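Have a look at the sequence and the 3D view first, and then we'll go through some of its local details.

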Amino acid sequence: MDNLALAQLLFPDVADTPDQIEARYPDRSLPDGARVTRMAPSPTGFMHLGNLLAAVTAERLAHQSGGVFFLRIEDTDQKREVEGGVEAIISAFDSFRLNFDEGAGVSVDTGNYGPYRQRQRAGIYHIFAKKLVEAGCAYPCFCTEAELEDMRNRQSAEKANFGYYGKWALYRDCGLDVIHEKLNSGEPYVLRLRSSGDPSRKFRFTDLVKGKMELPENDMDIVLLKSDGIPTYHFAHAVDDHLMKTTHVVRGDEWLATLPVHVQLFEMLGWKHPEYLHIAPLMKMDGSSKRKLSKRHDPELALDYYDEQGYPVDSVLEYLFTILNSNFEQWRTQNPLSPIGEFEFTAAKMSASGALFDIAKLNDVSKNLVSRMTADRVFDQAADWCSRHDSEFHALLTLDPAYSKSIFAIGRGAAKPRRDITVWRDVRGYMDFFFDELFCPEYEYPTNVSEDDRKEIIKRYQTIYNSADDQSAWFDRIKALAGELGFAPETKLYKADPDSYKGHVGDVSMVIRVAVSGRQNSPDMFDVMRILGPERVAERLNKALMA
């Protein structure tokens, strides 16, 4: 076979050489040890937690080392592409503050190593496809669907491995005259790799997550260019990662089976392959067994879910780090207030098996994180979420920002701050009783307090409440009232001799809490009443008395 003639026959319009293309993509000027990583999603319209996990890993590897993190859109499969898919990708990553140094954008791409959308790079792939043909490493395949189906049926009957390889590769050794004839007749074809691999031979490979492994060589003549001239993922990613100087590829371990193909491609093109990190899928408990998170069954897989529920971005990222690095929680315990960016992320601490996704743990992480936020920050983030998901409450929340912030400030800054808010969706229920428009009391008083005593507590408290009291004086009045009405003014007194009292001071204060807030569970009542003000406290007490 005259490979040069075949290459010219297949690519008559390709004039540029690989060397000319290489010159357009010079080595990056980066510090020693700097890593270049990328996210390369397909614009399918669905961004999931696995995408975010890989993106966080890639971002940390790049930016901790003084390297580059870029976004490439792998849009070679038009059947899977949805309208607005690219915008959805960029929006999702932006919302989680994953800042790309270069790459695809909504309106314009940025960076010197583009184009960053694979369909715009078709001419580049053809140049390197021609190189492979010239080297005898690729050939055209004119197989029809009927021929491929017949091949699969015969492989099944012979219990042979499925695929296009060896004796099953019908057009592998087709003569130049036959190829010329088929091209002249307009028969469609794909370009296939001429594999030199033997699956009985193994090669050694070190994955930065999975560790050392031995894998069989690839013997499949995979498709490099589809019949429309657009490359497959296998070919495109090799060309792109080489030219864009990618040093580390982070991807799901479902791609591990194709690693022999990719290593072989880099070798046949004469390039050094990047380091690979294959991340195990996220798992969840389903009864007593584990299974992969599923798009169909698990809404928490979709990134949209976290905004819809109102999880702070920091909460989700904080939780993901507990999954990604086994030493993160110890670091966080030692550095409770440090920015997450100060954590020294390392691939060596990543789990080689599937990490267990635990929504209860995410909620706990989120409660802790929100409890450490300032009132101003809680207000800003809650207001932002409500502006998109609860316009009615947003109007109330932002009508008087100082008032709302004073509510959020209750219990903050203490050694053990309150943990009332898990997600921004909780904010309305946490503080709605502070707004007269939303006040809908549930008068559930302590069962051991009679109706007569309840009414007497409220009546008497109306006469003794003084908004000028500090917290100590405020509670002294409640203790005195408890004693006057036959309740123990100290809990310890009640415990020592319960038969001598109707109850204790906690029962009396609970009656007042329910009367004022309309609920048993509310923030510190001294602060609640201080924020409501004496007139509204009086109105609430009177309303409770009449109920």
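## A histidine and its neighbours

Not counting residues within four places of it in sequence, H504 is in contact with F487, A488, T491 and Y494, where contact means heavy atoms within 4.5 Å. You'll find H504 in the loop between α20 (491-496) and α21 (505-517). H504 has 18% relative accessibility, so it counts as buried; buried means under 20% relative accessible area, exposed over 50% and partly exposed in between, using a 1.4 Å probe and protein chains only.

Before going on, a word on the source: this is a predicted model, in which local features need pLDDT of at least 70, side-chain atom pairs count only at pLDDT 80 or more, and totals for chains, interfaces and linings use all residues. Residues are numbered from 1 along each chain as its sequence is written, and side-chain values use heavy atoms, with hydrogens and water left out.

As for the element names, helices (H or I, at least four residues) and strands (E, at least two) are DSSP runs, numbered from the N terminus.

## Helices that meet

Let's start with α5 and α8. Helix α5 (residues 122-134) and helix α8 (residues 233-243) have axes that come within 10 Å and cross at roughly 105°. The axes are lines fitted to C-alpha atoms, for helices over the stretch in contact, and angles run from 0 to 180 degrees between N-to-C directions. That makes α5 and α8 roughly perpendicular to each other; the cut-offs are under 35 degrees for roughly parallel, over 145 for roughly antiparallel, 65 to 115 for roughly perpendicular, and oblique for the rest. On the α5 side the contact is made by I124, Y125, F128, A129 and L132, and on the α8 side by F235, A236, V239, D240 and L243. Sorted by class, that gives nine nonpolar, no polar and one charged residues. Here Ala, Val, Leu, Ile, Met, Phe, Trp, Tyr, Cys and Pro count as nonpolar, Asp, Glu, Lys and Arg as charged, and the others, Gly among them, as polar.

Next come α11 and α13. The axes of helix α11 (residues 313-324) and helix α13 (residues 359-372) come within 9 Å and cross at roughly 130°, so these two helices are oblique to each other. Their contact brings D314, S315, V316, E318, Y319 and T322 of α11 together with K361, L362, V365, S366, L369 and R372 of α13. Those residues divide into five nonpolar, three polar and four charged.

Then there are α14 and α15. Helix α14 (residues 375-389) packs with helix α15 (residues 391-399) at an angle of about 145°, their axes 7 Å apart. From α14, the residues F379, A382, A383, C386, S387 and H389 meet S391, F393, H394, L397 and T398 in α15. This contact has six nonpolar, five polar and no charged residues.

## Strands

An open sheet has three strands in the order β4-β5-β8, with antiparallel pairing; two strands pair if DSSP finds at least two bridges between them. At the edges are β4 (138-141) and β8 (223-225), each pairing on one side only. From one strand to the next, the twist averages 45°. Strand β5 (residues 190-193) and β8 run antiparallel and are joined by two bridges, and R192 stands opposite V223 in β8.

Elsewhere, a hairpin joins β6 to β7 through three residues. Six bridges link β6 to strand β7 (residues 211-216), and the two run antiparallel, with T206 opposite K212 in β7. In a regular strand the side chains alternate between the two faces of the sheet. Strand β6 (residues 202-207) has F203, F205 and D207 on its covered face, and K202, R204 and T206 on its uncovered one.

## Backbone details and loops

| Residue | Phi | Loop |
|---|---|---|
| K159 | about 55° | between α6 (145-158) and α7 |

Is each of them buried or exposed? K159 has 75% relative accessibility, so it counts as exposed, whereas K245 is buried, with a relative accessible area of 18%.

A cis peptide bond joins G114 and P115, with omega about 0°. P115 lies in the loop between β3 (102-103) and α5.

Finally, H180 is in helix α7 (residues 176-184) and counts as partly exposed at 37% relative accessibility. The C-alpha atoms of H180 and L6 are separated by 8.7 Å, though the two residues are 174 residues apart along the chain.
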